Amino acid sequence: MQVEVLERISSKDADVILKFLPERIRAAIIARSKEIDYPIEATLEMAIASFLDIEAISFADCKPNRGY
């Protein structure tokens, strides 16, 4: 089986990820998504990318360990 590597989270993947998060985290991500008027998948992507690289906006410009 081949896996296609994407630089974006799909809406289907976002739904799966949200189901595994604790309720308060899920609620916070959904609220933030509505607040900034972004799709939930983009909000999740930004949250993960900024955790890995504080200068990153999305996975496309995420460079973990930058500045270490």
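S33 is buried, at a relative accessible area of 6%, where buried means under 20% relative accessible area, exposed over 50%, and partly exposed in between (1.4 Å probe, protein chains only). The residue belongs to helix α2, which covers residues 23–36; helices (H or I, at least four residues) and strands (E, at least two) are DSSP runs, numbered from the N terminus. Apart from neighbours within four places in sequence, S33 is in contact with Y38, P39, I40 and T43, contact being defined as heavy atoms within 4.5 Å. The model is predicted, and local features need pLDDT of at least 70, while side-chain atom pairs count only at pLDDT 80 or more and totals for chains, interfaces and linings use all residues. Residues are numbered from 1 along each chain as its sequence is written, and side-chain values use heavy atoms, with hydrogens and water left out.

The protein chain contains three helices and zero strands, in the order α-α-α along the sequence. Of its 68 residues, 21% count as buried. Among contacts with a separation of 6 or more, 31% are accounted for by residues 24 or more positions apart. The accessible surface of the protein chain is about 5500 Å², and carbon and sulfur atoms contribute 59% of this area; accessible areas come from the Shrake-Rupley method with a 1.4 Å probe, and for residues only the protein chains shown count as cover.

In soluble globular proteins, nonpolar side chains tend to be buried together. The largest nonpolar core in this model consists of six residues, I9, A14, L18, I29, I40 and L44. Two or more residues of this core come from each of α1 (11–20) and α3 (40–52). A nonpolar core is here a set of buried Ala, Val, Leu, Ile, Met, Phe, Trp, Tyr and Cys residues joined through side-chain atoms within 4.5 Å. Not counting residues up to four places away in sequence, L44 touches I9, A14, I17, L18, L21 and I29. I17, in helix α1, is partly exposed at a relative accessible area of 30%. With residues up to four places away again left out, I17 touches I9 and L44. The C-alpha atoms of I17 and E41 are 9.5 Å apart, across 24 residues of sequence.

F51 is found in helix α3 and is exposed, with a relative accessible area of 72%.

Three salt bridges are present, a salt bridge being a side-chain nitrogen of Lys or Arg within 4 Å of a carboxyl oxygen of Asp or Glu. One joins the side chains of R8 and E45, at 3.0 Å from N to O. This pair links distant parts of the chain, with R8 in the segment before α1 and E45 in helix α3, 37 residues apart. R8 is exposed, with a relative accessible area of 52%, whereas E45 is buried at 4% relative accessibility. S58, in the segment after α3, is in contact with R8, E45 and A49 when neighbours within four places in sequence are left aside. At 13% relative accessibility, S58 counts as buried.

An α-helix has 3.6 residues a turn, so residues three or four places apart point the same way. E35 is exposed at 60% relative accessibility, and R32 is partly exposed, with a relative accessible area of 41%.
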